[in-house]
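I open this notebook to record what I looked up, entry by entry.

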2 protein chains.
Amino acid sequence: MKENSDTPEDEHHWFMFQAQKEAINGLNEGGIPVGAVLVKNGEIIGRGHNQRVQMNSTILHAEMACLENAGRIKADGYKDCILYTTLSPCVMCSGAIILYKIPLVVIGENENFKGPEKHLQDNNIQLINLDLKSCKKMLKTFILEHPEIWNEDIGL
Amino acid sequence: MKENSDTPEDEHHWFMFQAQKEAINGLNEGGIPVGAVLVKNGEIIGRGHNQRVQMNSTILHAEMACLENAGRIKADGYKDCILYTTLSPCVMCSGAIILYKIPLVVIGENENFKGPEKHLQDNNIQLINLDLKSCKKMLKTFILEHPEIWNEDIGL
């Protein structure tokens, strides 16, 4: 079994590409383009994207939709998981990550929105920011076109 | 419009009874008996109970199910809301409360489980604990009978 922190950078980028595919699916449905995948031992076990527009959901941010899609897992089943998300997680999603003690979160960017990253780190969650232009550009375009939907999603 | 902090104590107890009814609905479905209602200007606008067993959900804690049931609300629409929940909110649910800036959370108890209450208070969320034996007893009985389901729900 690979150690999370030893996952090669190109593997991080491949899984982030899968999260970006989720974000694109969301965009194609008219939704907020944020996507996530949950990876365990090199396999995707959950995937999801923001469902505010599509399902009128207030709780299905990409990370939450992904955790829900992964289904019920015993608590120690999360300990070798990595969550990939195209955007820095908000305080709700960070709370879910802390609740289930997912040890590593890889994010696409934190320029369009920066969640409470210190809150994650204070709870022993490691964070890697791939800082990808492709993630920034897709969401930035959406925010400029739909500021009211975006603000609603982040509680502003 | 009533000020949240001026809500009479008997009104808090009446709404908590509604949250307890949700918990009982959960129990009758074979689920974890935690319930919640969201109240705005003296009216219940959302209600829910834990759905781990019933829907195999990892994210539908009572508070999350309640927020989802309330539907999409503009951010400033939460500012005169009160969330009633039979149990001290976990870190995920606390994150959702902070995200939407719900100013007052009334809980039934925090003996069976105590969430990060300081995290709520540090984010300007007021917390009132009604410390009700009825809330404690129902959940305690469930935990004793189904410790593995309970531990899964709180990430242990």
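Entry 1, interface. I take contact to mean heavy atoms within 4.5 Å. The model is predicted, so I noted its limits: local features need pLDDT of at least 70, side-chain atom pairs count only at pLDDT 80 or more, totals for chains, interfaces and linings use all residues, and side-chain values use heavy atoms, with hydrogens and water left out. Residues are numbered from 1 along each chain as its sequence is written, while chains are lettered from A and ligands numbered from 1 in the order in which they are written. I then looked up the interface residues of chain B and found that 100% of them are also interface residues in chain A, so the copies meet through the same surface.

Entry 2, symmetry. I asked what relates two copies in general: a rotation about an axis and a shift along it. Here, chain B is superposed on chain A by a rotation of 180 degrees with 0.0 Å of shift along the axis, at an RMSD of 0.0 Å. This is the relation of a two-fold axis. The superposition is by least squares on the C-alpha atoms of residues with pLDDT of at least 70 in both copies.

I next looked up accessibility (buried is under 20% relative accessible area, exposed over 50%, partly exposed in between; 1.4 Å probe, protein chains only). A:Trp14 is partly exposed at 46%, whereas A:Phe15 is buried at 3%. B:Trp14 is partly exposed at 47%, and B:Phe15 is buried at 3%.

How many disulfides does the structure hold over all chains? I record 0, a disulfide being a pair of cysteine sulfur atoms within 2.5 Å. B:Cys66 is buried, at 0% relative accessibility. B:Cys90 is likewise in no disulfide, and the nearest cysteine sulfur, in B:Cys93, is 3.9 Å away. B:Cys90 is buried at 4%.
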